[in-house]
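Please open the model in your viewer and keep the sequence panel beside it.

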Amino acid sequence: RTKGFTDGIAVIGLGRFGGAVAESLLRLGHDVLGIDESAELVQRWSDRLTHVVQADATNGDTLRSLGVHDFSHAIVGIGTDIEASVLTVLALSELGVPDIWAKALGDKHGRILERTGAHHVIYPEAAMGERVAHLVTGKMMDFIEFDDGYAIVKTRAPREAVGRTLAECAWRSRHGVTVVGVKRPRAEFEPALPETTIREGDLLIVAGATEKVEAFAAKM
Ligand code: ADP
C-alpha cells in the first residue's frame, strides 16, 4: 500500500488530457499518483509527479495494492481504449472511490461510464469545440458556460458606455446581464460597483443567461 495518499488524487492515463490534469493538480498543491501502462510515459512523468506507477488500471487488485481505494478522487484520462476506460471506472467504483471523474470520447461512451459508476463524465473535445464556436462567432475574448444556460464572458466594454457609470448603463435591467468585474488597460480586474465609470479600452467580465451575454457582447 502506498502510504500517505489518503486525500490524494489518482490520475489514471497520463496522455494529453490526464497529463494536463495531473500538471494542474500539482500546481494547485495536491499529491498526485499517476498511473499509466506505458513505461515511456511513466518515465517521462517520474520526476514531476509525487508518485508514478506503470500498471494496468483495469485490474482492481493492482489498484488496491496501490492504495487507490483510500483516495478521495480519481480521474480516468483513458479515452481511445474505451474498454480500458470502462473497466478502470468499474474497478474504481468497486473499490468504493468516492469521487470518480472520467473522460468520454462521445455520448455513448459517456453513458456507459455513468452506468459503470463515474460520478462526473467530461467531454473535453465537445466542451472545447462548443467554447471555440462561441468565441469565434461572438465578440467575446473568453467564455465559460455553466449548466442551465448561464455563462460568464470576458468582453470589451461597449463604446457607448465610455464615460458612464455602471449604474447609468443599467445593463441589468436593459439587457439582463450583470457586470462582475472591470479591468482597465494594464491593471488588474476590479470588482464592478454601481459607481464604476467605464473608460476607453476597459474589459468587462459579464454574467447572465448565455443568450443574453452573447447578445450583449455582440453589441459592441
Ligand atoms: P489523450 O487523447 O488524452 O492522450 P489517450 O486515450 O490517447 O488520451 O491516452 C490515454 C493514456 O491512457 C495513454 O497514455 C495510455 O497509455 C493509458 N492507458 C490506456 N489503457 C490503460 C490501462 N489499461 N491502464 C493504464 N493506462 C492506460
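What follows is a walk through a predicted model, one selection at a time.

**The whole chain**

Begin with everything shown as a cartoon, in which the secondary structure of the protein comes to nine helices and eleven strands. If you orient the view along the principal axes, the C-alpha atoms fill a box of roughly 65 × 35 × 30 Å. The radius of gyration is 22 Å, whereas a compact globule of 220 residues would have one near 17 Å. Of the 220 residues, 32% count as buried, and among contacts between residues at least 6 apart in sequence, 55% join residues at least 24 apart.

Next, colour by pLDDT: the mean for the protein is 92, and 96% of its residues reach 70 or more. Select residues 1-5, over which the pLDDT is below 50, although this stretch still has ten contacts in the model beyond near neighbours in sequence. For the complex, the predictor gives an ipTM of 0.95 and a pTM of 0.81.

**The ligand and its shell**

Now select the ligand and the 21 residues around it, of which Gly13, Gly15, Phe17, Ala57 and Gly79 come nearest. Helix H1 (16-27) and strand S2 (32-36) are the elements that give two or more residues to this shell, and the largest share, three residues, comes from H1.

**The nonpolar cores**

Move on to the largest nonpolar core, which has 36 residues; Ala10, Val11, Ile12, Ala74 and Ala102 are those with the most contacts inside it. The elements that give two or more residues to this core are strand S1 (9-12), H1, S2, strand S3 (51-54), strand S4 (73-76), helix H4 (82-94) and strand S5 (100-103). Apart from this core lies another, of 18 residues, among them Val153, Ala161, Trp171 and Leu204.

Which residues is Val11 in contact with, leaving aside its neighbours within four places in sequence? They are Gly18, Val21, Ala22, Val32, Gly34, Ile75 and Gly77.

**His109**

Select His109 next, whose place is in helix H5 (residues 107-116). Because it has 18 C-beta neighbours inside 10 Å, His109 counts as partly exposed. Not counting residues up to four places away in sequence, His109 touches Ile82 and Ala104.

**Two positive phi angles**

For the last stop, turn to backbone torsions. Most residues other than glycine have a negative phi. Asp148, although not a glycine, has a positive phi of about 65°, and its place is in the loop between strand S7 (142-146) and strand S8 (150-156). Is Asp148 buried or exposed? Asp148 counts as exposed, because it has 7 C-beta neighbours inside 10 Å.

Then select Ala170, which is not a glycine either and has a positive phi of about 50°. Ala170 lies in the loop between helix H7 (166-169) and helix H8 (171-175). With 12 C-beta neighbours inside 10 Å, Ala170 also counts as exposed, because the cut-off for that class is 12 or fewer.

Technical notes. Residues are numbered from 1 along each chain as its sequence is written. This is a predicted model: local features need pLDDT of at least 70, side-chain atom pairs count only at pLDDT 80 or more; totals for chains, interfaces and linings use all residues. A residue is near a molecule or strand if its C-beta atom, placed from the backbone, lies within 6 Å of it. Helices (H or I, at least four residues) and strands (E, at least two) are DSSP runs, numbered from the N terminus. The radius of gyration is taken over C-alpha atoms; the globule rule is 2.2 Å times the number of residues to the power 0.38. A residue is buried if 20 or more other C-beta atoms lie within 10 Å of its own, exposed if 12 or fewer, and partly exposed in between; C-beta atoms are placed from the backbone. Two residues are in contact if their C-beta atoms, placed from the backbone, lie within 7 Å. A nonpolar core is a set of buried Ala, Val, Leu, Ile, Met, Phe, Trp, Tyr and Cys residues joined through C-beta atoms within 7 Å. pLDDT is the predictor's confidence in each residue, from 0 to 100.
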